[in-house]
Amino acid sequence: MSQQGYVATPPYSQAQPGIGLSPPHYGHYGDPSHAGSPPGMMKPAGPLGVAAPGGMLPQGPSPPGPQQFGQNGAHAQGHPPQRFPGPPPVNSAAPSYTPYSPSTQSSYPNPASTASVTQMASQLNAMHINSYGSGMAPPGQGPPGPPSAPLFQGLPRPPQPSIMQPGSQVLPPPPTALNGPGASPLPPSTHRQDGLPGPAPLNAQYQPPPLPGQTLGTGYSPQQGSYGPQMAGGQLSYPGGFPGGPAQLAGPPQLQKKLDPDSIPSPIQVIENDRATRGGQVYATNSRGQVPPLVTTDCVIQDQGNASPRYIRCTTYCFPCTSDMAKQAQIPLAAVIKPFATIPSNETPLYLVNHGENGPVRCNRCKAYMCPFMQFIEGGRRYQCGFCNCVNDVPPFYFQHLDHIGRRLDHYEKPELSLGSYEYVATLDYCRKNKPPNPPAFIFMIDVSYSNIKNGLVKLICEELKTVLDKLPKEEQEETSAIRVGFITYNKVLHFFNVKSNLAQPQMMVVTDVGEVFVPLLDGFLVNYQESQSVIHNLLDQIPEMFADSNENETVFAPVIQAGMEALKAADCPGKLFIFHSSLPTAEAPGKLKNRDDKKLINTDKEKILFQPQTNVYDSLAKDCVAHGCCVTLFLFPSQYVDVASLGLVPQLTGGTLYKYNNFQMHMDSQQFLNDLRNDIEKKIGFDAIMRIRTSTGFRATDFFGGIFMNNTTDVEMAAIDCDKAVTVEFKHDDKLAEDSGALIQCAVLYTTIGGQRRLRIHNLSLNCSSQLADLYKSCETDALINFFAKSAFKAVLHQPLKVIREILVNQTAHMLACYRKNCASPSAASQLILPDSMKVLPVYMNCLLKNCVLLSRPEISTDERAYQRQLVMTMGVADSQLFFYPQLLPIHTLDVKSTAPPTAIRCSESRLSEEGIFLLANGLNMFLWLGVSSPPELIQGIFNVPSFAHINTDMTTLPEVGNPYSQTLRMIISIIQQKRPYSMKLTIVKQREQPEMVFRQFLVEDKGLYGGSSYVDFLCCVHKEICQLLN
């Protein structure tokens, strides 16, 4: 069967050599069993599906890197060959065309002065950001494109005169304002690989689309000199300065054109199309293998036998029948599971099934739990397991007769027979030491070193705890929370507090032996907040005074975690430590760290060390914490390097969260911190959890990514798991899968509730299987694929050079698309790029991932920020990773004050901004309000209550309450965007053409990266060349 996907015609011939990767190494990162490939290379995951005739691709000359495509694809002369996404080459050789220089004066200082780079890096630090290219957006749509819009529907395109035909040459551009008068044209015909000069097709009918710099549909005006200071490392300017130089066309009609950004797949268009067709509807999960609405589409989900996509999303909802087919397509088979996902109020919460002392009914052989995939036979006396096909007796208490179609008469009365997700009350067999667990405890641990006292942080935390402790989570039917609380302060020694309810004053006990931490008191350390409220408030008032004269600046860290864990162990309960810490722990103690922030390691094979913990103390500490159900959440307030890779390890492995506030300033950052603290204390959470993934025969779970700890290959252990944490699971074939029975997945999480009850949470999902590659591609979900690729790449940075990881990502992208092109698309000219409908935006999202600061080896980006972002992504669900890699950019000046719906988003590119506009950008960690220099005064008055652009104070982090509809609508939109996200986003006000705009521009992910990294247009060209090379 042939099906046509999205078609675009890139502006270069397929005769260009590929993008300069060595013969592709596909598949997975870091497989230790691989013998015979050079060190640092990867084990190919089997024979190449669409290899060139004769097996592996010949090792040709390494072709040009992405920084060498101008508007004409790669240039023959110019730079020495570069491999893909390495840093841009130093501009040693003269480029083969004159670099484009804007005729108008750039609005930013232009030379690539190292000073401006350093200045920017320090500014990024000050602004909690220092990442770049992050973000992935919900909704929106750019300005209406040129008539080529129907392309997005993925319909076959009529055989139009394609810009470059297979054997054609790369044409010299006519002299226009783009190249400057003195551009050296290329030789008249560039030879094809077989050496024949190809004819130059003259494309008379081709209408040049409007350049991004020209006014587009809704009147965006060109932004002059749209690039700002070029970054260190001489980069070639692109002719026309992708994507928004003020280039005007002159001279004869272009024979050949660089790709128009409006003619390539738009994430916004894809998001909006899905909203238009599926938004606001009921999505019932009653059929196997159906592809759910995108994460950016709001709909009501009705469980009718398969788990809601809020709990499980897959990279594809149709698995290939054989492992050979899987190797051929190279599409990862994975599920992103968020077992405790928050369910909106208009959807049914999970039912709780209680079989009393009998406990859940399970298959005798594979131990799968009773679910809709079990088939009852012999009048209801036995059932066949859907996972392992074993026939089991139905326990007498569970017997029920069958109806005329072989279904139990109580089918719809039992959640476990008719629903995809439900919970069981667990029996004592599922509890530690076979006795019911105690309710969990929260321990608050405050760093009272000199700097935290002086900047007011300790006082802020103590004041806030008085109010948030009233909001401790509780079981729905309970009046008060069962969670007990305890308090520790520390610098280089630890102070435990007795806050027993019958005391008039809290008592302090000091532990100075931080090498062998012990808990100095049991009775009175962990207490019920309601009973001890007055003593606790007394303590919280005293702490800031108690340490006011302390000059101690050294701190310990590992002993703090050890103390909290020992306290929970002594109380025989699971729990969570909330640690508020601000510096590198340099005091003599286990886990002492030194500053090892070495920029010389960047871009070397040793760069991976920067992501690994300095000492193995933290690894073994994490293991102990998980064994005792002790989850660690860390609030970090660094003013310099604190070694996030070491300090963040325990939070990551115990299912906790890491929050980081660089250069914390009370008036600027306290709101963001307090929102995070409140949200973290109140969120839905399960403790002391073990997750097991069971699958039907033919495939199994092989790899797990997330805030997890694994002692063996099957049990995923989590000291705690909350509503924002996801675990990504990869599957591999161990046999053939049958089309008729499909592929079944059951995720079971055994955990302790906040009320101290042991429960099992079950999620079931059934997928299709097919022996047709087209079915596999039709059922893919790009957002889940990017979540998987990001996590597997971020896991690999611990063991492999970043250059290898980037190559693997590009290779695998090209391979997946080449396999589609070869096996599923209708025949067409090789110069056409054909993408499967479900993967239209895979290249733009993949490019966003490649430009993320974790995978970019650049000295300007702080090591701590890279380690921090790496850790955040490892536990993200699909919706969060989608927004993180492709931010949401909303044109606020088009706001309709009569509606609560946000305006339709636009694409993340500078060419989409306008001087008259106001734009809001959010990526889940940061939020910016960008103001064009000609923003309408009435809007500025409406939002800021000041008369003009010049009067706006850019230091504010929340918008003032101005009592007009405009201000109210904007503030409501900001709070709606914020509500759905796990981290509080600090708002930064950015004025066009002022220095902080540099920080904002790194989130315009379709443009060329500030620290290297291709623009979307360039990356698409580069992937297409790679595909052509694979197909040849």
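Predicted model: local features only at pLDDT ≥ 70, side-chain atom pairs only at ≥ 80, totals over all residues.

User: What average pLDDT does the protein get?

Analyst: The average is 81, and 75% of the residues score at least 70. Over residues 1-5 the pLDDT is below 50, and that stretch has 26 contacts in the model beyond near neighbours in sequence. Residues 126-256 also stay under 50. For them the model has 379 contacts beyond four places in sequence.

User: OK. How much of the protein counts as buried?

Analyst: Of its 1032 residues, 62% do. The accessible surface comes to about 36800 Å², with 53% of that belonging to carbon and sulfur atoms.

User: And what share of the contacts with a separation of 6 or more comes from residues 24 or more positions apart?

Analyst: 77%.

User: Let's talk cores. Which residues touch the most other members in the largest nonpolar core?

Analyst: Phe-487, Phe-673, Leu-929 and Phe-944, in a core of 209 residues. Helix H15, residues 802-823, gives the most to this core, with 10 residues. There's also a second, separate core of 35 residues, which includes Tyr-311, Ala-326, Phe-699 and Ile-708.

User: What is Phe-673 in contact with, leaving aside neighbours within four places in sequence?

Analyst: Quite a list of residues: Leu-457, Leu-460, Ile-461, Phe-580, Phe-635, Phe-637, Tyr-661 and Phe-664. As a general point, nonpolar side chains in soluble globular proteins tend to be buried together.

User: Switching to strands. Is E27 mostly covered or mostly open?

Analyst: Covered: 10 of the 10 residues in strand E27 (residues 743-752) are buried. Ala-743, Ile-745, Cys-747, Val-749 and Tyr-751 point one way, while Leu-744, Gln-746, Ala-748, Leu-750 and Thr-752 point the other way. Both sets are buried.

User: Which strands does E27 pair with?

Analyst: E22 (residues 685-695) runs antiparallel to E27 and is joined to it by seven bridges. E28 (residues 758-770) pairs with E27 in the antiparallel sense too, over 10 bridges.

User: What sits between E27 and E28?

Analyst: Five residues, with the two strands forming a hairpin. In the turn, Gly-756 has a positive phi of about 90 degrees.

User: Back to E22. How many bridges does it make with E25?

Analyst: Six, in the antiparallel sense, with Gly-686 standing opposite Ile-721 in E25. Seven of the seven residues in E25 (residues 716-722) are buried. E25 also pairs antiparallel with strand E24 (residues 709-710), over two bridges. There Met-710 stands opposite Val-716, and E24 and E25 form a hairpin with five residues between them.

User: Which residues have a positive phi although they are not glycines?

Analyst: Asp-572 is one, at about 55 degrees, and Asn-663 is another, at about 45 degrees. In general, most residues other than glycine have a negative phi.

User: Where are those two?

Analyst: Both are in loops. Asp-572 lies between helix H8 (558-571) and strand E19 (575-581), and Asn-663 lies between strand E21 (658-660) and helix H12 (666-682). With a relative accessibility of 35%, Asp-572 counts as partly exposed. Asn-663 is partly exposed as well, at 27%.

User: Now helices. Why call H14 largely enclosed?

Analyst: Because 14 of its 15 residues are buried, H14 is largely enclosed by the rest of the structure. The length of H14 (residues 782-796) checks out too: at 1.5 Å a residue it should span 21 Å, and its end C-alpha atoms are 21 Å apart.

User: Last one, Tyr-868. Is it buried or exposed?

Analyst: Buried, with a relative accessible area of 7%. Tyr-868 is in helix H17 (residues 863-874). Leaving aside neighbours within four places in sequence, Tyr-868 is in contact with Val-644, Leu-658, Tyr-659, Lys-660 and Leu-925.

User: How far is Tyr-868 from Gly-648?

Analyst: In sequence, 220 residues; in space, 7.7 Å from C-alpha to C-alpha.

Notes: Residues numbered from 1 in each chain as written. Heavy atoms only, no water. Buried < 20%, exposed > 50% of the residue type's maximum accessible area, 1.4 Å probe, protein only. Helix = DSSP H or I, 4+ residues; strand = E, 2+ residues; numbered from the N terminus. Pairing = 2+ DSSP bridges. Contact = heavy atoms within 4.5 Å. Areas by Shrake-Rupley, 256 points an atom, 1.4 Å probe, with all protein chains shown as cover. Expected span 1.5 Å × (residues − 1). pLDDT = per-residue confidence, 0-100. Core = buried A, V, L, I, M, F, W, Y, C linked by side-chain atoms within 4.5 Å.
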